[in-house]
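Here are my notes on the model you sent over. Have a look at it first, then go through the points below.

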Amino acid sequence: MPLPTCRLAPTDARTERRGSWTHICLPPALGDCHSDSVSLAPGLTLIATRYRPERDLVEESRRCLPRPLLSLTFGLQGHSSFEERRGQQLRFDCGSVTISSFIDAQGERRYSGSAEQHIEQLRLQLDEELLTAYLGEAAARQLLRHASGVRLLACRPASAAALAHARALAWQAVHPAPDTPGRLLALHAGALALLHEQLRLLPASGPTPLSAALPAESPRLLRPQEAARMEQARRWLLAHAHESISIRRLADELHMSESRLRRSFRQAWGGSPQDFHTRARMALALRHLQAGCRVTETAWRVGYGQPGNFSQAFTRHFGYPPSQALGTCSRSSPGNEKFKE
């Protein structure tokens, strides 16, 4: 017989400082449930959550802020939800990114306690000043306009590259190395690279809703036959993440013109086939580097004949050179799993 749901107040969690990190854990009798957070820069916080509850949990949230925050939550395993007291609901599902803003978060977080529902999430939070620096005052004001409560901006599948990157950052958070400035710098660089992929999709200004600027969730906007082709295209690009490819080659595989492929792929997945392939290729390179491969070997493994060209492409994509990613995760870390579809 399943155990009854356990309701928790904010005071039921234990908080302790571990160097630059804040470690929050629930009572051990409820399972291995904890989160670790660190301020990477003024206005930028990284939070890694790992819950293994032995029963269903409901956590009360009573967080109130003087100014709103933008929050990006990457679901890495399982799912949870948040129900704000005024009725706004947020879902955090495996493989998705949930983007929201809030000035107070008073409500309930819900976690399911079963072996199939182990929960891992990576969350990045930005304040108004930092968001203004990145996107400009008009865009920041549009995203963070609040009377009160929580505002859902988008909930959509995250790219395979973003999930691989988020897993690597979460692994570093829950397997702490010595608390050195270099380690925090590496985390900061990784967080900025992850934010770059998401923030560049936001509207620069004006009243356009965020959901209109983000990639489509699935190819359901197309006719079934065309949608099936675009799913085939996505899988083909993932399977060829280890090499340089031409769109002409993919178009020939699908027996369609390049212009039709580009148009249908953008309608299905919100971007071009070239961009999708680049993200997959760079995510694969990141995993090789984190597993200890040298830069030259990694360049060869992802289809670059010249290491210099690879280094330029990697730095342009992530915002830091490949040498900075060397050996940041062990071979057994989640960030080094085989590239998933």
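What share of the contacts with a separation of 6 or more comes from residues 24 or more positions apart?

1. The answer is 70% of those contacts in the chain. Bear in mind that this is a predicted model, and every value here is computed from it.

2. For the overall picture, count 11 helices and 11 strands in the chain. Of its 341 residues, 51% are buried. The chain exposes about 16,200 Å², and carbon and sulfur atoms supply 51% of that area.

3. Take a look at helix H2, residues 137–144. Its buried residues are Ala139, Ala140, Gln142, Leu143 and Leu144. Both strands and helices turn up in what covers them: the cover includes strand E6 (57–77), strand E9 (96–111), helix H1 (128–135) and strand E11 (150–157).

4. Next, the H8 and H9 pair. Helix H8 (residues 258–269) packs against helix H9 (residues 273–290) at an angle of about 65°, and their axes are 9 Å apart. On the H8 side the contact uses Leu261, Arg262 and Phe265, while H9 brings Pro273, Gln274 and Phe276. Sorted by class, that contact has 4 nonpolar, 1 polar and 1 charged residues.

5. Now the rings. A search of the whole structure gives 4 aromatic pairs. One of them joins Phe265 and Phe276, edge-to-face, at 5.8 Å centre to centre with 75° between the planes. This pair links distant parts of the chain, with Phe265 in helix H8 and Phe276 in helix H9, 11 residues apart.

6. Are the two partners in that pair buried or exposed? Phe265 is buried, with a relative accessible area of 1%. Phe276 has a relative accessible area of 11%, so it also counts as buried, the cut-off being under 20%.

7. Elsewhere, ring pairs link Tyr304, Phe310 and Phe314 into a cluster.

8. Finally, the cysteines. How many disulfides does the structure hold? It holds 0. Cys33 is in no disulfide: the nearest cysteine sulfur is that of Cys25, 9.5 Å away, and a disulfide needs the two sulfur atoms within 2.5 Å. Cys33 is buried, with a relative accessible area of 1%. Cys293 is buried too, at 6%.

Terms used: Residues numbered from 1 in each chain as written. Predicted model: local features only at pLDDT ≥ 70, side-chain atom pairs only at ≥ 80, totals over all residues. Heavy atoms only, no water. Helix = DSSP H or I, 4+ residues; strand = E, 2+ residues; numbered from the N terminus. Buried < 20%, exposed > 50% of the residue type's maximum accessible area, 1.4 Å probe, protein only. Contact = heavy atoms within 4.5 Å. Areas by Shrake-Rupley, 256 points an atom, 1.4 Å probe, with all protein chains shown as cover. Axes fitted to C-alpha atoms, helices over the stretch in contact; angles between N-to-C directions. Nonpolar A, V, L, I, M, F, W, Y, C, P; charged D, E, K, R; others polar. Phe/Tyr/Trp six-rings, centres within 6.5 Å; stacked < 30°, edge-to-face > 60°.
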